[in-house]
Amino acid sequence: MLILHDPRCADYGSSLRPEQPARVLRSVAHLRSAHPDWTWREPGEASAAEDLLLLAHTPAHVKRLLEPRDFDADTPYFPEIAAHARRSVAAAIEAARHALASADREPVFSLMRPPGHHATATQAMGFCYLNQIAIAALAAQRNFTATAAPVRKVAVWDFDAHHGNGTEAILMGQSQVLFASVHQYPGYPGTGTQDHGPHIRNWPVAPHTPRVDHMASLRASLDAVVSFAPDLILVSAGFDAYARDPITSMTLETEDFATLGRWLRETRRPAAALLEGGYHRDLPLLIDAFLGAWNKSA
Ligand SMILES: [Zn+2]
């Protein structure tokens, strides 16, 4: 298991907000002590070159991140937020690269903040400033690494409890890309109620749906990913469908995240996962369950 992490991702934000530095600080501490054999690497900032950001975002949006004005109530301006968001992008790109280059399909996880899947081409929202998973998906198709085989088809599997509206909007109409999301509806941001053609797939799940039914939707979404036969799977790994998450009304338990990790391993395809949401203090255990099961040798 390779974890991509830059400690500076805990240098902004507030403990009064759900998306707070302790999410990663506590996850780092837990994973380092529980898995001393896992490899940790700091992503290089140069990986998030401007031309890669522009695969998913407008030049005006990239500039706007430098202006000290809040984006919305959930998404304040913080000093250096553009640099923080770019480091999340760099980690995502390196995670994708590693997934493609790793001969033995070593699992790779980007343990960074801010998250990204709500950010659209033109707008920061929902704690997200740049959409690192969309950028990584589009960058992968442009053969951003000489060490990996060419990538034609990329699938994004989004199991965060919120719909990845930004990822969907950016990837809609792109060729050879599949987006599959399972999320609470009704719920923030209120999108993701239907499919848009064969390559934008949504599984809305009602609040308080029994976990067995939620897991059935997750299985169906991963089956769609596998049927697409992607060269690379990128995972928006949010852990806020946890039964005790403070900002959602879902019912998944720790072992369900382990099941998602096992399923991902069983796809036997190059895959990289990126941290999105997850706001309960058990987040380190949920990440551990997912990664531990994914990493387990078959
Ligand atoms: Zn979420």
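1. The second largest pocket is lined by 19 residues, and His118, Phe127, His162, Tyr188 and Ile247 are the ones that lie nearest its centre. A pocket here is an open set of points on a 1 Å grid over the protein atoms alone, with protein on both sides within 12 Å along at least five of seven lines; a lining residue has an atom within 4 Å of a point. The volume of this second largest pocket is about 190 Å³, a volume being the space filled by probe spheres set on the points, with grid points joined across faces, edges and corners. Its lining divides into seven nonpolar, eight polar and four charged residues. In this scheme Ala, Val, Leu, Ile, Met, Phe, Trp, Tyr, Cys and Pro are nonpolar, Asp, Glu, Lys and Arg are charged, and the others, Gly among them, are polar.

2. On the source: this is a predicted model, in which local features need pLDDT of at least 70 and side-chain atom pairs count only at pLDDT 80 or more, while totals for chains, interfaces and linings use all residues. Residues are numbered from 1 along each chain as its sequence is written, and side-chain values use heavy atoms, with hydrogens and water left out.

3. The protein has nine helices and eight strands; these are DSSP runs, numbered from the N terminus, with helices (H or I) of at least four residues and strands (E) of at least two. Its radius of gyration is 17 Å, close to the 19 Å that the globule rule gives for 298 residues, so the protein is as compact as a globular protein of that length. The radius is taken over C-alpha atoms, and the rule is 2.2 Å times the number of residues to the power 0.38. Along the principal axes, the C-alpha trace spans about 45 × 45 × 45 Å.

4. Which residues coordinate the zinc ion? The donors are Asp160 (OD), Asp160 (OD), His162 (ND1) and Asp240 (OD), at 2.0 to 2.8 Å. Donors are N, O and S atoms within 2.8 Å of the metal (3.2 Å for Na, K and Ca), and sites may look incomplete, as water is not among the atoms. The spacing of the donor residues in sequence is D-x1-H-x77-D. His162 lies in the loop between strand E4 (154-158) and H6, and Asp240 in the loop between strand E7 (232-237) and helix H8 (254-266), so the pair ties together parts that are 78 residues apart in sequence.

5. Both His162 and Asp240 are buried, that is, under 20% relative accessible area, where exposed is over 50% and partly exposed lies in between (1.4 Å probe, protein chains only). Buried residues make up 59% of the 298 residues in the protein. Ser175, by contrast, is exposed, with a relative accessible area of 52%; Ser175 sits in the loop between helix H6 (165-171) and strand E5 (177-184).

6. The largest pocket has a volume of about 340 Å³. Of its 18 lining residues, Asp104, Arg105, Pro107, Arg265 and Trp294 lie nearest the centre. H8 gives the most to this lining, with three residues. By class, the lining has eight nonpolar, two polar and eight charged residues.

Key
1 Å grid on protein atoms, 1.4 Å probe; cavity = no way out; pocket = protein on both sides within 12 Å on 5 of 7 lines; lining within 4 Å.
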